[in-house]
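I opened a new page to keep track of what I look up in this structure. The entries follow the order in which I looked.

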Amino acid sequence: MSALYVSNLKKVYDNGFLALNDINLSIEYGDFYAILGKNGAGKSTIINIIVSLIKKTSGKVFVSGFNLDYKSIFIKSLIGVVPQDVNFNQFESVSDVVFNQAGFYGFSRSFIFASLRNIILIIT
């Protein structure tokens, strides 16, 4: 079983732009890969599909054997992504940043609020 398996991945945006066409990739556990290419080559699109930030048009993606089509929330808990650029408003409060990031991982609003309250109690 591969750590990451991508088969026939395709992404066509609403405006008709073909960003990815028939991408195939298999990365084994312990391997280290970099995705390199010129601007517009589809690097960010591949990563954004794997972490469920955007939807693929077609193809299959498996992370640790889990199918992205059925286990996207769980798969997010297996992957850490460090964006190239700051992806939050630097003028937001820490609570707002944590709330938004936790939402990305599928946590409910009530769970996030309760967790933030507990953390604030611990650190104050």
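Before the first entry I wrote down the terms: a residue is buried under 20% relative accessible area, exposed over 50%, and partly exposed in between. I also noted that this is a predicted model.

**Entry: Asp22**
I looked up Asp22 and found it in strand β2, residues 18-27. Its relative accessibility is 44%, so I put Asp22 down as partly exposed. Next I checked the backbone. Most residues other than glycine have a negative phi. Asp22 is not a glycine, yet its phi is positive, near 60 degrees.

**Entry: Asn8**
I then turned to Asn8, which lies in strand β1, residues 4-12. Asn8 also has a positive phi, about 55 degrees, although it is not a glycine. Is Asn8 buried, partly exposed or exposed? I read 42% relative accessibility, and therefore Asn8 counts as partly exposed.

**Entry: Thr45**
I moved on to helix α1, residues 43-50, where Thr45 has its place. Thr45 has a relative accessibility of 10%, so I listed it as buried. Which side chain does the side chain of Thr45 meet in a polar contact? I found that of Tyr13, at 3.3 Å. I then left aside the neighbours of Thr45 within four places in sequence and noted its contacts: Lys11, Tyr13, Ala19, Leu20 and Ile54.

**Entry: helix α3**
I asked which residues of helix α3, residues 94-104, are buried. I wrote down Val97, Phe99 and Ala102. The buried residues of α3 pack against α4, residues 109-123. Just after α3 I came to Gly106, which takes a positive phi of about 90 degrees.

**Entry: the second largest pocket**
Last, I looked for empty space. Rolling a probe the size of a water molecule over the atoms shows where such space is left. I noted a volume of about 170 Å³ for the second largest pocket. Its lining consists of Ile49, Ser52, Leu53, Ile54, Lys55, Lys56, Leu68, Asp69 and Ser72. Ile54, one of these lining residues, was already on my page as a contact of Thr45. Where does the largest share of the lining come from? I traced that share, three residues, to helix α2, residues 68-78. Sorting the lining by class, I got four nonpolar, two polar and three charged residues.

Note on methods. Residues are numbered from 1 along each chain as its sequence is written. This is a predicted model: local features need pLDDT of at least 70, side-chain atom pairs count only at pLDDT 80 or more; totals for chains, interfaces and linings use all residues. Side-chain values use heavy atoms; hydrogens and water are left out. Buried means under 20% relative accessible area, exposed over 50%, partly exposed in between (1.4 Å probe, protein chains only). Helices (H or I, at least four residues) and strands (E, at least two) are DSSP runs, numbered from the N terminus. Contact means heavy atoms within 4.5 Å. On a 1 Å grid over the protein atoms alone, a cavity is a set of points where a 1.4 Å probe fits but cannot get out, and a pocket is an open set with protein on both sides within 12 Å along at least five of seven lines; lining residues have an atom within 4 Å of a point. Grid points are joined across faces, edges and corners, and a volume is the space filled by probe spheres set on the points. Ala, Val, Leu, Ile, Met, Phe, Trp, Tyr, Cys and Pro count as nonpolar, Asp, Glu, Lys and Arg as charged, and the others, Gly among them, as polar. A polar contact is a pair of N or O atoms within 3.5 Å; within protein, one must be able to donate a hydrogen and the other to accept it, and residues adjacent in sequence count only if both atoms are side-chain atoms.
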